[in-house]
Amino acid sequence: VEKMLATGLVDRVFVGERHVDRSKTLKRLFCYKIPELIKEKIYGVDGYGLNSAASFYLCKQFNKVLQENTYDYVLVNYSLWANLIRTKEYTRNAKTIIDTHDFITFQVYKNGKRKVLGRTITEEVKRLNYADEVWAISVDEQYVFTQLLDSKVQLVPVIIPPNNLATAKATSQPKKYDLIYVA
């Protein structure tokens, strides 16, 4: 957290927990285990090799941040975190974006974790459609996503070489947008 703040690129960092600590038995039962079971009954088990990185407990923490702050954009990294923006209840008027980096379905299928390609694509497309906009890193992904998604699809290739990130410091100019980035 200190290193991120020291870059000058961010002014606050929120760190959420996916699970309640095992030593807190009652809190874990009522704030994590039971809600996860209910979520599975309502929405089904996260599916077909595309497990959600966003537990009910983490979504609750994230929603609290959104309730207490106002953002112009909510940028989520990977479709695995899409459940954070499943509902627009707390994002208010913020534009929601999922930065895909990769079409997760193909990774899951290629690695042999699941051979149910149709169901896996359906699940990932459903998640990507939670966002107002989806960013693809290649023209191939952009083409596939534009054919499958209702959400707007933008091509946003990697444009900053990793060794130049240190020079991309924030300027002293007033900020135009307030952004929350989830990664």
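## The cavity

Search the whole structure and you find one cavity of 30 Å³ or more. A cavity here is a set of points, on a 1 Å grid over the protein atoms alone, where a 1.4 Å probe fits but cannot get out, and lining residues have an atom within 4 Å of a point. The largest cavity holds about 30 Å³ of space, a volume being the space filled by probe spheres set on the points. Keep in mind that this is a predicted model, where local features need pLDDT of at least 70 and side-chain atom pairs count only at pLDDT 80 or more, while totals for chains, interfaces and linings use all residues. Residues are numbered from 1 along each chain as its sequence is written, and side-chain values use heavy atoms, with hydrogens and water left out.

Who lines the largest cavity? Leu66, Asn69, Thr70, Tyr71, Tyr90, Thr91, Arg92 and Ala94 do. They split into four nonpolar, three polar and one charged; in this scheme Ala, Val, Leu, Ile, Met, Phe, Trp, Tyr, Cys and Pro count as nonpolar, Asp, Glu, Lys and Arg as charged, and the others, Gly among them, as polar.

## The nonpolar core

The largest nonpolar core has 27 residues, and Val74, Ile85 and Phe145 touch the most other members. Such a core is a set of buried Ala, Val, Leu, Ile, Met, Phe, Trp, Tyr and Cys residues joined through side-chain atoms within 4.5 Å. Buried means under 20% relative accessible area, exposed means over 50%, and partly exposed is in between (1.4 Å probe, protein chains only).

At least two residues of this core come from each of α3, β1, α5 and β3, with α3 giving the largest share, five residues. These labels follow DSSP runs numbered from the N terminus: helices are H or I with at least four residues, strands are E with at least two. Take a look at Val74: setting aside neighbours within four places in sequence, its contacts (heavy atoms within 4.5 Å) include Phe62, Leu66, Ile85 and Ile180. In soluble globular proteins, nonpolar side chains tend to be buried together.

## Around Tyr57

Tyr57 sits in helix α3, which covers residues 56–68. With a relative accessible area of 11%, Tyr57 is buried.

Along the chain, Tyr57 and Arg18 are 39 residues apart, yet their C-alpha atoms are 6.2 Å apart in space. Beyond its neighbours within four places in sequence, Tyr57 is also in contact with Glu17, His19, Val20 and Lys27, among others.

## Salt bridges

The whole structure has five salt bridges, each a side-chain nitrogen of Lys or Arg within 4 Å of a carboxyl oxygen of Asp or Glu. One joins Lys64 and Glu68, at 3.2 Å from N to O. These two are four residues apart in helix α3, so about one helical turn separates them. Lys64 is partly exposed at 47% relative accessible area, while Glu68 is exposed at 54%.

Another pair is Lys88 and Asp132, whose closest N and O atoms are 3.9 Å apart. Lys88 is in the loop between β1 (73–77) and β2 (95–99) and Asp132 in the loop between α5 (117–128) and β3 (133–136), so the pair ties together parts that are 44 residues apart in sequence. Lys95 and Glu133 come to 2.7 Å, again between the closest N and O atoms. Lys95 belongs to strand β2 and Glu133 to strand β3, so this pair links parts 38 residues apart in sequence. Lys95 is partly exposed at 29%, whereas Glu133 is buried at 6%. Finally, Glu123, Lys126 and Arg127 form a network of salt bridges.

Technical notes:
1 Å grid on protein atoms, 1.4 Å probe; cavity = no way out; pocket = protein on both sides within 12 Å on 5 of 7 lines; lining within 4 Å.
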